[in-house]
Amino acid sequence: MNKFDLFELHDCEQDKRTRGWIKLGGEGLIKEIKNILLKDIKKGYTIYSISDVIAKNIGVDQDTVFRALRPIINNEWERRKNCIAIQILKGLINVYNLEEQKGKFMDLTEWIISGASRSKPVKAVKTLTKELAIIAGVYAADGTLLRYKIKENSYQYRIMICDEYKSSLEIVKELINRIFNLEVEIKKSEYDNSYLIVVDSKVFCRYFNKFLKFKYGKKTTTINIPQIIKDSNLEIQKSFVKGFVTFDGCIDIGGYFRLSIKNRRLIEEINNVMKKDGIHINIKTEITREGVNNIRSSVLKDKKFLDYFLKGSIKYERAKFFVDGNSNINIFDLFSEKSTNKINLKRMFEEIKL
């Protein structure tokens, strides 16, 4: 099982302003830290003197550490209760030689939050799961990871995911809420007929940047399956591909699964995952569109394709129609003009009648 090092959520280059430091939270975590501090206090040390040593270790002013440790001892919190900045906890570990307890601190962490005033707590996700791999695949297909400077040493973080089908985003919304305990909204795009999920959470974005190694900004030809997912079992890898093809793949009116992207490396990686699962496809480069690589295979021939679309999405229902001969959606709505099909099913029937 792939465990995340929650301490990596702090970035020394981007988190120079102590006010925006990411904090780990949890009643058990704070109790454990309090017990460590009390042992020194009983020996005659003060919170102020302890703060001075830790402050020098991590290179910040003494008052910053003092304001973080005082409420832990006195249980008098100004705003957010039972949390401590990662960087201060690192200093405490260094000063008290507690490297062996680092894992325990992470196990006791229940939630994570940025120090910014408007930030919301995020459930501490400690391992890579199939659900998180799905969201990673969705992001790789139709997501954007942004970091933009507000002022000196201060940044805004955002993830946007878009799709033409609101039903697909409803699935992603539910996953984000269940995994990270983050409430997000689906909005109609002001520019086209698509829908958007926008997540303004520094912690959520750091998961994608630090653990999944996605870069900020454009990603069309550079993105690939994250190494942590490649090193995981087949179910985790399939989950990533499921998220990706639900948003970037399609089932056409002839019952064929199609995926067309410019990124040759990524399409080969996706193909390799499917091959491991017993699905054999050839990759072709489309001549009429320079650099576009294609996967195309009959759903009827490889019924495992049903496992590569998120249940509840319209693309899953299309695959189900060809595999089972039925769907929960009216067939004319299933293959409507909004879909990527070159011909509308209803129009096709009207043409036949003529």
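Four strands make up an open sheet, ordered E5-E6-E8-E7 with antiparallel pairing; strands pair here if DSSP finds at least two bridges between them. Strand E5 (143-151) and strand E7 (186-188) form the edges, each pairing on one side only. From one strand to the next, the twist averages 35°. Eight bridges join E5 to the antiparallel strand E6 (residues 154-163), and Thr 144 stands opposite Met 160 in E6.

A word on the source: this is a predicted model, where local features need pLDDT of at least 70, side-chain atom pairs count only at pLDDT 80 or more, and totals for chains, interfaces and linings use all residues. Residues are numbered from 1 along each chain as its sequence is written, and side-chain values use heavy atoms, leaving out hydrogens and water.

Helices (H or I, at least four residues) and strands (E, at least two) are DSSP runs, numbered from the N terminus. Helix H8 packs on the sheet, touching E5, E6 and strand E8 (195-199), with contact meaning heavy atoms within 4.5 Å. The direction of H8 makes about 75° with that of E6; axes are lines fitted to C-alpha atoms, for helices over the stretch in contact, and angles run from 0 to 180 degrees between N-to-C directions.

Now for two charges over rings (NZ of Lys or CZ of Arg within 6 Å of the ring centre and within 35 degrees of the ring normal):

| Charged residue | Ring | Distance to ring centre |
|---|---|---|
| Arg 147 | Tyr 155 | 5.5 Å |
| Arg 296 | Tyr 256 | 3.8 Å |
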